[in-house]
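This report looks at a few local features of one protein model. Keep the sequence and the structure in view while reading.

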Amino acid sequence: MQCGRCWGCRRRLEEPAVRAPLTAPPDGGTKRLPQCALKKMGLTEDEDVRAMLRGSRFRKIRSQTWHKKRLYRLQEDCLSVWFQRGLPHAPSQHIFLVQHIEAVREGHQSEGLRRFGGAFAPARCLTIVFKGRRKNLDLAAPTAEEAQRWVRGLAKLRARLEAMSQRERLDHWIHTYLHRADSNQDSKMSFKEIKSLLRMVNVDVNDMYAYRLFKECDNSNNERLEGTEIEEFLRRLLKRPELEEIFHRYSGEDQVLSAPELLEFLEDQGEDGATLVHARQLIQTHELNETAKQHELMTLDGFMMYLLSPAGAALDPAHTSVFQDMDQPLSHYFISSSHNTYLTDSQIGGPSSTEAYVRAFAQGCRCVELDCWEGPGGEPIIYHGHTLTSKILFQDVVQAVRDHAFTLSPYPVILSIENHCGLEQQATMAHHLRTILGDMLVTEALDSQNPEELPSPEKLKGRVLVKGKKLPDALSEDGRVLSDREEEEEEEEGVPEVVEQRRQAKQISPELSALAVYCCAARLRKLCPAPTPPQPCQVSSLNERKAKKFIREAGNSFVRHNARQLTRVYPLGLRMNSANYSPQEMWNSGCQLVALNFQTPGYEMDLNAGRFLVNGRCGYILKPACLRRLDTTFDPECPGPPRTTLTIQVLTAQQLPKLNAEKPNSIVDPLASIPAGGRPWSSSCGHQSWLWCALWWKITTLPPLMILWVSSHCHSTV
């Protein structure tokens with residue numbers, strides 16, 4: 001397995017390392033427009049982008065009273081935006097990358113602008129939404145035209161960046177750093193400027209070796225590198241012996257890969273579907289030398305471009321779109337699920353926000369949670385009850401579901417409603433769901449002939465399901481209506497504030513009950529070894545402790561139960577800091593709705609991202625056959641054969657980010673680790689290694705449930 005994603009790792013002193021740009025200093029004024037960058041982006045004459053390069057003064061909006069003027073300016077690389085700090089004399093390192101933008105919304109289309117942007121006309125407002133956990137940027141421009149310039153300009157830059165080939169990205173990246181290191185802007189590089197360049201790109205190399213390279217490339221002997229001399233210096237700098245060895249192994253004495261030789265390499269990498277036609281297409285796409293391309297040959301440079309491209313990634317390109325059978329019952333799929341979706345931080349005092357739902361949908365989440373409580377003015381609210389978390393309106397969340405649930409995936413969304421409202425506000429909730437969602441909401445069985453059978457994701461495309469309590473079938477053994485978290489309530493019996501809410505939870509309005517069509521809350525007290533009549537429309541909610549108990553004591557019965565109906569697992573209430581449990585154990589037993597705190601990054605959320613990375617990131621993954629059969633003998637505690645041994649060799653890594661970007665002289669000292677997802681029955685030989693040492697891992701596990709998690713660390717922080 002090869003890691004061909006990045007630009008350099010710390011190897012030996014003679015073999016430097018390179019990284020991608022994370023931050024760029026502001027240009028400090030209105031320098032000449034970067035014609036080179038604009039030309040490479042194909043935007044030389046674009047007035048919107050040129051206006052962004054000159055900069056604009058926006059109002060940054062954070063609250064009802066916090067509206068501060070800030071200067072925003074597109075950097076000369078045309079890939080990053082610098083913005084002014086609040087402190088006038090602080091060293092300004094505030095920059096965001098265009099590639100980190102998820103979306104740009106016009107008008108009052110964010111929670112912040114809807115609440116705090118009333119003083120500014122919608123035509124002057126825009127919201128920049130970032131990938132990951134970074135907060136939205138709500139801005140108001142001086143004029144509507146200036147706002148539109150930034151909306152259009154950012155759209156063009158994002159589209160151009162998306163369309164760039166790997167060669168164009170590399171070329172643009174190199175010229176960006178060269179321009180930044182060229183202190184006097186004379187298009188020539190002194191050795192002092194070369195040393196500055198090396199620090200910028202994270203090269204750990206001694207001065208003697210760097211100067212020897214410099215002199216070897218200085219054909220004019222004037223202590224300056226220019227034009228082809230700079231290209232040769234960079235070529236030597238980026239030389240990768242470990243990848244050259246692989247290339248020469250297949251290319252032979254002529255030092256070029258023919259299409260059949262490239263096909264042999266692809267087959268050795270496990271690409272069973274590779275053909276000679278596919279090999280020729282790769283040559284035409286990634287080869288840089290036109291003569292070699294005409295003769296259907298691939299040089300070392302073309303081979304490197306291929307390895308660095310998405311086509312050379314470990315992920316099968318065919319799996320980046322939906323490829324699995326989507327016509328099976330919902331219970332046959334793992335479904336990306338969120339717990340306490342409304343929170344952006346801790347469940348004790350963190351803020352609640354509709355934007356948290358938008359971000360969850362952007363990550364492919366298909367099951368979100370709504371904790372509903374009695375609110376003022378007859379309007380239900382959502383927050384983490386009996387805590388200091390902020391409150392948001394139920395109807396605002398439903399509107400967010402309507403507007404954003406299907407932007408990434410067309411497959412059904414499940415609203416897991418934790419209901420603490422009285423009858424009147426329950427009826428209000430049902431009214432909001434019907435009127436806001438309209439035809440998106442499932443209000444009756446799709447197949448009237450078989451109303452108890454779970455439909456498939458394909459049949460439910462673009463639809464919203466409500467998971468909640470049901471009358472009269474949802475009555476528990478003692479005649480009470482079930483709460484969605486029955487076990488958790490039993491643990492909270494000593495909390496006085498819960499008593500009144502529990503009394504109200506014993507009631508449910510017919511209006512809300514009618515919306516629980518395919519996802520009706522049901523208690524799961526015990527698992528019977530003998531088959532029981534299937535009740536596919538019932539959904540059990542278990543905390544992680546109860547689920548682990550079932551896995552430990554009745555693993556096969558739990559798997560069979562999950563082959564017929566849905567089970568939702570959620571974190572223990574004792575996780576005050578919104579920490580997550582490992583989802584792998586729950587997936588191993590066939591649980592579909594393994595709910596995690598999406599607002600808490602870490603190993604657990606990395607596993608979740610890996611699980612749902614394939615199948616077009618649609619949020620639905622078909623379970624292995626052993627977890628779908630009603631008569632399965634599979635036991636997650638004792639899986640038995642077959643097992644597979646996977647051998648991994650980390651050869652090299654590139655473009656590893658600096659942890660201390662504020663320190664110019666800091667150098668990444670990377671360490672790789674590969675724990676095996678799929679435990680408890682996976683075992684690994686070897687765990688971590690310096691990235692400049694080729695090291696092998698051997699992992700034995702059950703293939704269908706395996707997740708490979710590769711991480712890198714900086715040695716100074718381990």
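## Terms and source

A residue counts as buried under 20% relative accessible area, as exposed over 50%, and as partly exposed in between, using a 1.4 Å probe and protein chains only. The model is predicted: local features need pLDDT of at least 70, side-chain atom pairs count only at pLDDT 80 or more, and totals for chains, interfaces and linings use all residues. Residues are numbered from 1 along each chain as its sequence is written, and side-chain values use heavy atoms, with hydrogens and water left out.

Helices (H or I, at least four residues) and strands (E, at least two) are DSSP runs, numbered from the N terminus.

## Trp373 and Tyr383

Trp373 is buried, with a relative accessible area of 7%. Tyr383 also counts as buried, at 11% relative accessibility. Rings of Phe, Tyr and Trp (its six-membered ring) pair if their centres lie within 6.5 Å; planes under 30 degrees apart are stacked, over 60 edge-to-face, and the rest tilted.

A search of the whole structure gives 17 aromatic pairs. Tyr250 and Phe265 are both buried. The ring centres of Trp373 and Tyr383 are 5.8 Å apart and their planes are at 55°, so that pair is tilted. Trp373 lies in strand S12 (residues 367-373), and Tyr383 in the loop between strand S13 (381-382) and strand S14 (392-393), so the pair ties together parts ten residues apart in sequence.

## Other ring contacts

One aromatic cluster is formed by Phe58, Tyr72, Phe83, Phe96, Phe130 and Trp150.

A charge sits over a ring if NZ of Lys or CZ of Arg is within 6 Å of the ring centre and within 35 degrees of the ring normal. Lys391 lies over the face of Tyr383, 4.4 Å from the ring centre. The charged end of Arg62 sits over the ring of Trp66, at 4.5 Å from its centre.

## Helix H14

How many of the nine residues of helix H14 are buried? Eight of them are, so H14 (residues 354-362) is largely enclosed by the rest of the structure. Among these buried residues are Glu355, Arg359 and Phe361. After H14 comes Gly364, with a positive phi near 90°.

## Two positive phi values

Most residues other than glycine have a negative phi, and most peptide bonds are trans. Asn221, which is not a glycine, has a positive phi near 55°. Asn221 is in the loop between helix H7 (207-217) and H8, and at 61% relative accessibility it counts as exposed.

Ser578 is another residue other than glycine with a positive phi, near 60°. Ser578 is placed in the loop between strand S19 (566-570) and helix H21 (584-588). Is Ser578 buried or exposed? Ser578 is buried, with a relative accessible area of 0%.
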